[in-house]
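Visitor: Hi! Could you walk me through this one, please?
Guide: Happy to. Here is what we will look at together.

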Amino acid sequence: MMMNSTSIVYLIALPLAGAVILLLAGRRSDKWGHLLATALCASSFFVGLYQLSLMFNRPSQERPVSQKLFEWISVGTFKIDAGLLLDQLSICFVLLITGVGTLIHIYSISYMAHDPHRRRFFAFLNLFIAAMLLLVLGDSYLNLYVGWEGVGLASYLLIGFWNEKPAYATASKKAFVMNRIGDMGLSFAIMIAFATMGTVSFIGVQAAVEQTSTPVLTGIGIMLLVAAIGKSAQFPLQAWLGDAMAGPTPVSALIHAATMVTAGVYLITRSNFIFDAAPTAQLLVVIVGAITLMFGALIGTAKDDIKKALAASTMSQIGYMILCAGLGPVGYAFAIMHLLTHGFFKAGMFLGAGSVMHGMNDEVNMRKYGALRKAMPITFVTFGLGYLAILGIPPFAGFYSKDMIIETAFNAGGSKGIILGIVTLLGAGITAFYMTRVMILTFTGTPRWDEKAQPHESPWLMWLPMAVLAIGSATSGYLLSSNDSLVKWLSPLFESHEEHHELLPPIIVSALALVMVAIGVAIAFLKYSRREIDAVAPKNVSIFTRIAREDLMQDRLNEAVFMRPGQELTKTLVKTDAVIIDGAVRAVGRLTIATGLSLRRVQNGFVRSYAAFILMGALAMIVAIWVVVQ
Amino acid sequence: MSFISPTLDYTLLSPILILLGGALIGVLVEAFISKALRSTTQLTLTIGTLVLSLAQLWKIRNEQSMSAAMGSVVIDGPAILLQASILIIAILSILVIADTDQFTALAAALPGSEEERHSIRTGNQVTEVYPLTLFAISGMMLFPVATDLITLFVALEMLSLPLYLMAGLSRRRRLASQEAALKYFLLGSFSSAFFLFGMAYLYGYSASVTLAGIRESVVGGSGNDVLLLLGMAFLSIGLLFKVGAVPFHAWSPDVYQGAPTPITGFMAAATKVAAFGAMLRIYYTVFANAEWSWSPVISMIAIVTMLFGSFVALAQRDVKRMLAYSSIAHAGFLLSGVIALNKAGLDASIFYLFAYGVATVGAFAIVTLVRDSSGEVTDLNRWRGLGKRSPWVASAFAGFLLAFAGIPLTSGFIGKFSIFSAAYESGAKGVVFAGILSSAVAAFFYIRVIVLMFFTDPIQDGTSIEIPSVLTRFSIIFSILVTIALGVFPAPLLSFITTLATFIR
């Protein structure tokens with residue numbers, strides 16, 4: 001039996017209270033709203049630390065704790081409690097969400113200082129934190145679903161925070177609609193699980209897996225994968241992430257780099273018992289991850305918008321995680337490790353991008369940057385640490401986590417292992433290329449600034465969080481992997497079976513990865529450091545560049561395959577509705593009213609007629625009863 | 001022949017006795033208090049009486065007795081619940097009735113006579129409506145608890161006679177009001193005659209006037225079935241007349257339209273509770289034991305009533321007449337609770353009666369607010385765009401209409417759902433089918449009014465919304481809150497009803 005706790009709920013309640021207070025108090029809280037929101041997020045982080053310390057002091061099988069909040073749905077034998085589950089996996093997310101969240105709250109105090117709606121921004125941030133915590137703390141798929149929809153809402157509100165610009169409002173709508181497809185997947189998964197297993201709690205489903213047939217598990221697995229694809233911007237539903245950069249940069253750092261977009265990885269890791277029993281679904285997970293990691297990396301090479309380049313990189317890095325999570329029990333822990341390190345370095349780089357934009361009048365085009373190293377030394381150093389981390393240069397964080405993924409991919413066995421190994425290696429090389437490109441275009445070379453631009457370093461409230469994240473980028477990999485600490489921490493949750501067929505020894509894999517990275521960096525240097533950068537993106541470029549600039553045609557594909565036929569379908573449906581259904585409805589309506597009008601005539605106002613009705617009614621009643629009796 | 005002195009259980013009878021006492025004092029007040037103080041005194045007295053009665057009822061809520069008055073009155077769970085519903089509805093209605101502008105200054109004066117003008121000019125407003133209401137309420141309270149036919153008949157007349165008078169008290173369109181009163185009186189007497197006739201047959205059948213005695217004969221099956229049959233049919237006609245079931249409904253649209261609107265609301269809500277209460281008791285405790293099934297006949301009436309009410313309501317252009325036909329349709333829905341003849345049917349009927357009654361009082365209270373210079377505006381065409389001019393009032397009215405239509409999150413949905421599911425359980429599938437069909441038809445005309453109020457442009461014809469008096473406002477707000485609360489959290493009241501509502505025999 002799992003231990004009960006009564007304090008898990010505070011993790012969620014604190015930021016939720018912040019959102020409620022700020023939204024209800026309205027303008028009255030303009031002066032102190034941001035401070036309250038930051039304080040509440042930080043307190044949630046400390047509750048998380050406290051829970052972690054409690055967890056450390058318990059033997060490993062007693063570490064998970066649960067809390068029942070209230071009976072949510074109770075219909076006959078079907079009961080769902082609103083309950084929370086805090087185990088080794090969710091505590092990792094809790095600390096990531098609240099830790100990075102708090103830093104980004106602090107950063108936003110300064111970043112949003114001149115925005116008239118700063119309070120509303122902080123209310124939404126707190127709402128997001130609460131929803132995201134519910135997502136990772138829910139003890140059943142249904143509770144997770146509530147958080148899942150909650151983060152979707154918060155993401156929508158924050159992407160469209162500056163919705164006075166139509167393009168931004170459209171971007172938030174696009175993100176929301178594409179996420180709906182994923183959400184449908186999750187709800188189908190829940191329905192299938194309920195229909196076949198009769199339960200939707202994690203524990204219940206895990207117990208029921210053995211008695212469930214493989215096709216059903218595959219179905220659930222594929223639906224969960226669809227959900228993950230939507231939320232984590234994986235192929236083929238990745239197109240929204242680039243547009244989501246319309247939101248304020250702290251949002252991109254928190255939601256679209258460190259936390260929400262990793263929910264898909266959480267979902268797959270949490271559902272390990274389903275995927276382990278459904279190899280087909282698991283294979284699909286790997287394929288989706290592999291395609292996306294290449295896809296994102298290729299898009300990243302062609303983007304001139306610094307945030308979109310980082311977004312493409314996020315897509316690609318999450319592709320790594322999904323791929324690794326699809327490799328089964330050996331991969332889950334490494335996927336989570338990369339998720340955590342990525343949370344540090346990607347959030348740090350996004351904040352760095354925000355800092356650059358802050359100093360450059362919100363310019364996002366890297367072709368108009370250049371030589372910012374001197375103007376923004378702190379931003380340069382922190383961004384640079386994140387850069388070293390994502391490349392996987394030892395001893396920075398990415399080296400540990402990404403190498404593990406590449407290694408695991410090679411060890412997957414057979415031709416699958418070789419293909420995946422090569423894909424992940426290539427991905428690492430391309431990552432090195434486009435990240436170096438970002439570094440060169442932004443921080444080195446000659447200034448290509450607008451006349452009005454006066455680059456300057458950001459205030460301490462902004463660089464402090466960047467510095468903290470940079471330290472994380474530098475050290476987290478070592479801390480998490482030394483002595484296999486994260487793997488051991490998580491191992492009780494995953495079924496472990498020791499199958500170890502090493503294709504390549506680790507040292508060779510690391511060497512290969514470093515070689516690929518070196519090649520990527522070298523190409524980028526040759527291409528961008530040696531010659532002048534055009535201030536406007538050149539037009540006469542190869543077809544590949546053009547395709548990459550257009551997000552590998554994904555939007556056009558969506559348009560041709562989904563949007564146009566969808567519009568045609570709705571048009572036909574509207575017509576059918578207007579002619580056939582409405583026609584029928586109107587005919588029924590006319591008939592009904594005609595009936596009413598003719599019946600109305602009996603109400604002629606004469607008492608004698610009314611009395612006659614009563615008499616006839618009485619006679620009819622007697623006759624009727626007589627008939628019944630006979 | 002020895003004479004047994006009657007023993008009365010005054011505690012159990014006290015809610016009714018308090019009302020009668022209050023009514024009598026009201027008559028004295030009407031005679032002796034100066035006209036300046038009369039209105040206020042009457043209002044205070046009436047509300048005080050009702051609240052006292054309700055408090056007394058709360059005190060005895062767990063008591064049960066077959067012989068509260070020598071076997072003529074029974075106090076049990078359903079009795080308490082029905083009486084409480086009547087009292088709550090009555091209090092809400094009195095708050096609306098308190099707007100004396102609705103009532104004629106001097107009912108005894110001929111319409112348009114010098115005498116009438118004089119009393120309006122001098123402000124000599126008579127307030128006999130308060131004691132009349134209290135008398136009617138005492139009759140309603142007695143009706144569902146009476147256990148012998150004589151008491152039942154006395155209660156029926158006690159509730160009817162004041163209502164006939166009250167229907168004629170309208171200040172404006174007095175002739176229509178008096179016509180309504182007369183029609184109501186004539187047809188009511190006609191149906192009372194049927195009722196009496198039925199009593200005679202039942203006495204002939206069982207040689208007893210008590211429900212217990214009749215039940216014994218029915219269970220024993222010893223008597224002449226023809227007498228039982230005729231007795232049941234005629235007694236039912238009297239009851240069906242009061243609830244406005246087709247074909248005994250014809251009075252209701254005319255009376256609803258002619259009567260002063262606050263009285264219409266009171267009548268539509270409280271009379272239904274009383275009449276259905278009595279009907280439930282008689283059918284559940286006596287007729288349920290009949291060896292042959294009478295339910296096909298009542299089912300037919302239920303189906304015809306629902307469909308007729310809904311269809312004809314579609315064709316109405318007057319809000320009061322529309323609500324009258326809607327109340328006919330609701331009588332049909334409620335009959336399916338009578339047919340169900342199971343515990344769930346009883347519980348659902350009581351819930352439905354309370355929910356419907358509260359919403360009805362609220363809806364008619366709002367009708368009193370929509371006026372022009374010559375009084376209330378009941379022509380629906382002139383309700384256009386009301387939502388734009390008075391969003392709060394129109395929203396409340398929309399809430400009541402949605403409750404009548406049985407839309408979820410209102411008390412009407414819970415009521416309809418529970419009453420139909422009880423009827424379905426008992427096998428009355430045809431009734432449930434007709435009920436759902438007519439609910440669909442009914443939803444159309446309810447929602448049409450909402451569309452009219454909110455989605456059409458206002459017309460400038462001097463129709464305005466009266467600022468409601470504090471009392472009317474309270475009544476409306478309370479009604480809408482109850483309507484919504486019972487739709488969202490019905491469980492407490494439903495379980496309260498379920499634990500209490502069992503007829504003792």
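Visitor: Which residue in β3(B) is the bridge partner of B:V370?
Guide: The partner of B:V370 in β3(B) is B:I465. Before we go on, this is a predicted model, where local features need pLDDT of at least 70, side-chain atom pairs count only at pLDDT 80 or more, and totals for chains, interfaces and linings use all residues. Residues are numbered from 1 along each chain as its sequence is written, while chains are lettered from A and ligands numbered from 1 in the order in which they are written.

Visitor: Thanks! How many bridges join β1 to β3(B)?
Guide: Two bridges link β1 (residues 370-372) of chain B with β3(B), and the two run antiparallel. Strands here are DSSP runs (E, at least two residues), helices are DSSP runs too (H or I, at least four residues), and both are numbered from the N terminus. Two strands pair if DSSP finds at least two bridges between them.

Visitor: What order do the strands take in the sheet?
Guide: The order is β2-β1-β3 in chain B, an open sheet of three strands with antiparallel pairing. β2 (375-376) and β3 (464-465) of chain B are at the edges with a single partner strand each, so one side of each has no neighbour in the sheet.

Visitor: New topic: how much of chain B is buried?
Guide: Buried residues are 58% of its 505 residues. A residue is buried if 20 or more other C-beta atoms lie within 10 Å of its own, exposed if 12 or fewer, and partly exposed in between, with C-beta atoms placed from the backbone.

Visitor: Which residues touch the most other members of the largest nonpolar core?
Guide: Those are B:I86, B:I89, B:F143, B:A167 and B:A270, in a core of 198 residues. The helix that gives the most to this core is α14 (residues 343-367) of chain B, with 17 residues. A nonpolar core is a set of buried Ala, Val, Leu, Ile, Met, Phe, Trp, Tyr and Cys residues joined through C-beta atoms within 7 Å.

Visitor: What is B:A270 in contact with?
Guide: Leaving aside neighbours within four places in sequence, B:A270 has contacts that include B:I86, B:I89 and B:G357. Contact means that the C-beta atoms of two residues, placed from the backbone, lie within 7 Å.

Visitor: How many residues does each chain bring to the contact between A and B?
Guide: Chain A brings 24 residues and chain B brings 31. On the chain A side, α24 (554-600) and α25 (607-629) are the elements that give two or more residues. The largest share of that side, 14 residues, comes from α25(A).

Visitor: What about phi, then? What is the value for B:A207?
Guide: Phi of B:A207 is near 55 degrees, which is positive although the residue is not glycine. B:A207 lies in the loop between α7 (174-206) and α8 (211-220) of chain B.

Visitor: Is B:A207 buried or exposed?
Guide: B:A207 counts as exposed because it has 11 C-beta neighbours inside 10 Å.
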